[in-house]
Amino acid sequence: MHPPLTLHKHPMCAEIIEEFQKCHIDHPIGKFFGECTDLKIKLDRCFREEKALKRKANFEQSKKLKERLQAFRKETAEENNLVQS
């Protein structure tokens with residue numbers, strides 16, 4: 001099972017999605033007997049690569065956010081210590 005085949009959500013895999021959809025249109029019966037299997041495998045690989053790239057980007061973004069949050073907390077703690085002194 002694959003995610004919905006919307007081109008705007010998967011720009012990296014757009015070409016393969018179009019080929020896969022065309023294969024299904026060209027072979028309405030053959031698609032049930034493996035006519036489009038090679039494209040399906042390519043599509044699954046592309047989705048995996050796309051997901052890995054998104055996961056890496058999200059991790060990097062979360063790391064930066066955590067660093068900013070820690071710096072803010074440290075700065076706030078220092079200000080509170082100055083005020084209390």
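Trainee: Which residues does Glu35 touch, not counting residues up to four places away in sequence?

Mentor: In this predicted model, Glu35 touches Cys23, His27 and Gly30 once residues up to four places away in sequence are set aside. Glu35 itself lies in the loop between α1 and α2.

Trainee: Why is Glu35 called partly exposed?

Mentor: The relative accessibility of Glu35 is 46%, and the name is kept for values between the limit for buried, under 20%, and the limit for exposed, over 50%. Because 46% falls between those limits, Glu35 counts as partly exposed.

Trainee: How far from Glu35 is Glu60, going by their C-alpha atoms?

Mentor: The C-alpha atoms of Glu35 and Glu60 are separated by 40 Å, and the two residues are 25 residues apart along the chain. Glu60 is found in helix α2.

Trainee: What makes the pair Lys63 and Glu60 a salt bridge?

Mentor: The closest N and O atoms of Lys63 and Glu60 are 3.9 Å apart, and the cut-off for a side-chain nitrogen of Lys and a carboxyl oxygen of Glu is within 4 Å. Because 3.9 Å is within 4 Å, the pair counts as a salt bridge. Both residues lie in helix α2, 3 residues apart, which is about one turn of the helix. Lys63 is partly exposed, with a relative accessible area of 37%, and Glu60 is partly exposed as well, at 33%.

Trainee: How many salt bridges does a search of the whole structure find?

Mentor: The search finds 3 salt bridges. One of them joins the side chains of Asp26 and Lys22, with 2.6 Å from N to O, and another joins Lys40 and Asp44, where the closest N and O atoms are 2.8 Å apart.

Trainee: Why are Asp26 and Lys22 separated by about one helical turn?

Mentor: Asp26 and Lys22 are 4 residues apart in helix α1, which covers residues 14–26, so about one helical turn separates them. As a general point, an α-helix has 3.6 residues a turn, so residues three or four places apart point the same way. Lys40 and Asp44 are likewise 4 residues apart, in helix α2 (residues 37–84).

Trainee: Are Asp26 and Asp44 buried, partly exposed or exposed, and how do you know?

Mentor: Asp26 has 44% relative accessibility and counts as partly exposed, and Asp44, at 23%, counts as partly exposed too.

Trainee: How do you know that the length of α1 agrees with what a helix should span?

Mentor: At 1.5 Å a residue, the 13 residues of α1 should span 18 Å, and the C-alpha atoms at its ends are 18 Å apart, so the two values agree.

Trainee: Which residues of α1 are buried?

Mentor: Ala14, Ile16, Ile17, Phe20 and Cys23 are buried in α1.

Trainee: Which residues make up the largest nonpolar core?

Mentor: The largest nonpolar core has 11 residues, among them Leu5, Cys13, Ile16, Ile17, Phe20, Leu43 and Phe47. Helices α1 and α2 each supply at least two residues of this core. Leaving aside its neighbours within four places in sequence, Leu43 is in contact with Leu5, Cys13, Ile16, Ile17 and Phe20. In soluble globular proteins, nonpolar side chains tend to be buried together.

Trainee: Why is His10 called buried?

Mentor: His10 has a relative accessible area of 10%, and because that is under 20%, His10 is buried. His10 lies in the segment before α1 and touches Pro3, Pro4, Ile17, Phe47 and Glu50, not counting residues up to four places away in sequence. Lys9 lies in the segment before α1 as well, and with the corresponding residues left out, Lys9 touches Glu50 and Lys54.

Trainee: What makes Phe32 exposed?

Mentor: The relative accessible area of Phe32 is 63%, and because exposed means over 50%, Phe32 is exposed. Phe32 lies in the loop between α1 and α2. Together with Ile29 and Phe33, Phe32 forms a nonpolar patch on the surface, and these residues have about 430 Å² of accessible area together.

Conventions. Residues are numbered from 1 along each chain as its sequence is written. This is a predicted model: local features need pLDDT of at least 70, side-chain atom pairs count only at pLDDT 80 or more; totals for chains, interfaces and linings use all residues. Side-chain values use heavy atoms; hydrogens and water are left out. Buried means under 20% relative accessible area, exposed over 50%, partly exposed in between (1.4 Å probe, protein chains only). The expected span of a helix is 1.5 Å times one less than its number of residues. Patches are made of residues with over 30% relative accessible area and no salt bridge: like charges are joined within 9 Å, nonpolar side chains (Val, Leu, Ile, Met, Phe, Trp, Tyr) within 5 Å. Accessible areas come from the Shrake-Rupley method with a 1.4 Å probe; for residues, only the protein chains shown count as cover. Contact means heavy atoms within 4.5 Å. A nonpolar core is a set of buried Ala, Val, Leu, Ile, Met, Phe, Trp, Tyr and Cys residues joined through side-chain atoms within 4.5 Å.
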